[in-house]
Structure formats: C-alpha cells, structure tokens
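Work through the exercises below with the sequence and the model open. Try each task before reading its solution.

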Amino acid sequence: VIAIFVITFVVQAFQIPSESMENTLLIGDYLLVNKFEYGTEPAFSFGLPYTKIRRGDIVVFRWPVNPQQHFVKRVIGLPGDRVHLHNGMVFVNGEALMEPYVITKQHAPDFYRDNFPTQRNVPSQINSAWWSEFPSLIRNGDLLVPEDSYFVLGDNRNESSDSRYWGLVPRDTIVGRPMMIYFSLTPAPPAT
C-alpha cells in the first residue's frame with residue numbers, strides 16, 4: 001500500500017529515451033521524478049511544499065499528442081509570455097535568454113526550427129493540430145503562451161521534438177520535476 005501511494009503521488013521512475021536533453025540528461029539515464037512538488041490541487045495545498053513552475057525548470061509531462069508517452073523538457077515560456085526564436089536564440093518578452101545548458105550540434109540551417117514561429121518551410125514532423133492552432137496565438141511575431149500552458153524546449157535544440165513541433169504543454173499534463181539520476185547507462189561526454 002505504501003509503495004502504491006509513493007508511486008502514485010510522490011515519486012516515479014523514468015528512463016531517458018532520446019538525446020533531446022543532452023548534456024543535461026543523457027540517453028539511458030534513469031530518473032526519479034518528484035510528483036509532489038508541483039501539486040495541482042490548490043484546495044489541498046495549504047501547508048504543503050508545492051512550488052510554482054518557473055522558467056528554466058525541467059519537467060516531466062504526458063505528451064499532449066499521445067498521453068501514454070512521457071517527455072522531459074525545459075520550461076521556456078510561462079503563461080502570458082511572448083516567445084520567439086531568431087537564428088536559434090530564444091527571446092522571451094523581448095529579452096534574449098542566457099542558456100548555458102543548451103547545446104547545438106552542427107546541422108543544416110532550418111528556418112522553421114531556428115526562427116520560430118514562422119510559417120515558411122514547415123517541417124513534415126509538425127503536428128497538424130498544432131499547425132492549425134498556433135497562428136491564432138501569434139502576436140507581432142511572437143507566440144503568446146496562453147493561460148495554464150507552457151512552452152518547452154529540449155536542451156539539445158537541433159535534436160529535440162518539442163513545443164515548436166507539437167504544441168504547448170497544458171498544466172494538467174505535468175507529472176513532476178526530476179529529483180535525481182539514480183542510474184546512467186551512458187558515460188558523461190568529456191568536458192570541453
């Protein structure tokens with residue numbers, strides 16, 4: 001009973017399946033995720049250590065396209081924020097973000113990926129529901145993040161399927177925040 005309670009409400013194990021969060025999280029890392037930190041029921045939050053989701057937090061969430069899958073990404077845009085990318089640089093509310101955790105592997109230029117939100121050269125992997133929704137959220141070249149939603153990106157920007165391709169993360173799909181890596185199958189890359 002205690003184990004079921006802990007797995008359901010407090011902590012859960014996940015494995016990183018892709019390179020989208022390198023070098024922060026590596027393929028094969030096993031995480032323990034704190035499901036308690038971002039409590040969703042304000043009626044029950046009195047006296048409990050719930051925290052608000054902040055820009056820069058890494059979150060685990062049920063993928064909006066297929067809720068059976070879990071993704072892990074970094075929160076870039078909070079509700080009410082205006083977000084755009086220009087030449088791969090992220091701007092939030094008109095200010096460039098300093099992102100020391102981001103890596104960019106060499107790839108051919110991609111106007112859509114590096115200059116989001118734009119509607120030129122639309123990639124084939126974009127979710128069709130997102131393609132039809134996001135033009136209504138554009139304000140003066142920025143994406144306006146609506147209430148109870150978050151814009152997320154992977155730290156490995158050129159190898160990440162993220163909010164640019166399939167849309168915003170609704171608040172109620174966020175499972176929790178990674179607490180620790182308890183096992184890793186992949187050795188960390190050498191420091192440069």
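The exercises cover salt bridges, a sheet and a surface patch.

The model is predicted, so local features need pLDDT of at least 70 and side-chain atom pairs count only at pLDDT 80 or more, while totals for chains, interfaces and linings use all residues. Residues are numbered from 1 along each chain as its sequence is written, and side-chain values use heavy atoms, with hydrogens and water left out.

**Exercise 1.** Find the salt bridge partner of Glu 99 and state where the two residues lie.

Solution. Start from the criterion: a salt bridge is a side-chain nitrogen of Lys or Arg within 4 Å of a carboxyl oxygen of Asp or Glu. Glu 99 meets it with Arg 157, the closest N and O atoms being 2.9 Å apart. This pair links distant parts of the chain, 58 residues apart: Glu 99 is in the loop between β7 (95-96) and α2 (111-114), and Arg 157 in the loop between β10 (149-153) and α4 (163-166). Helices (H or I, at least four residues) and strands (E, at least two) are DSSP runs, numbered from the N terminus.
Next, check the cover. Buried means under 20% relative accessible area, exposed over 50%, and partly exposed in between (1.4 Å probe, protein chains only). Glu 99 is buried at 14%, and Arg 157 is buried at 4%.

**Exercise 2.** Classify the cover of Arg 54 and Asp 57, and name the network they belong to.

Solution. The two side chains form a salt bridge at 3.7 Å, N to O. Arg 54 is partly exposed because its relative accessible area is 41%. Asp 57, at 5%, is buried.

**Exercise 3.** Give the strand order of the five-stranded open sheet and name its edges.

Solution. Two strands pair if DSSP finds at least two bridges between them. The order is β7-β6-β5-β9-β8, with antiparallel pairing. The edge strands are β7 and β8 (138-139), each pairing on one side only. β8 pairs with β9 (residues 142-144) over two bridges, and Arg 139 stands opposite Asp 142 in β9.
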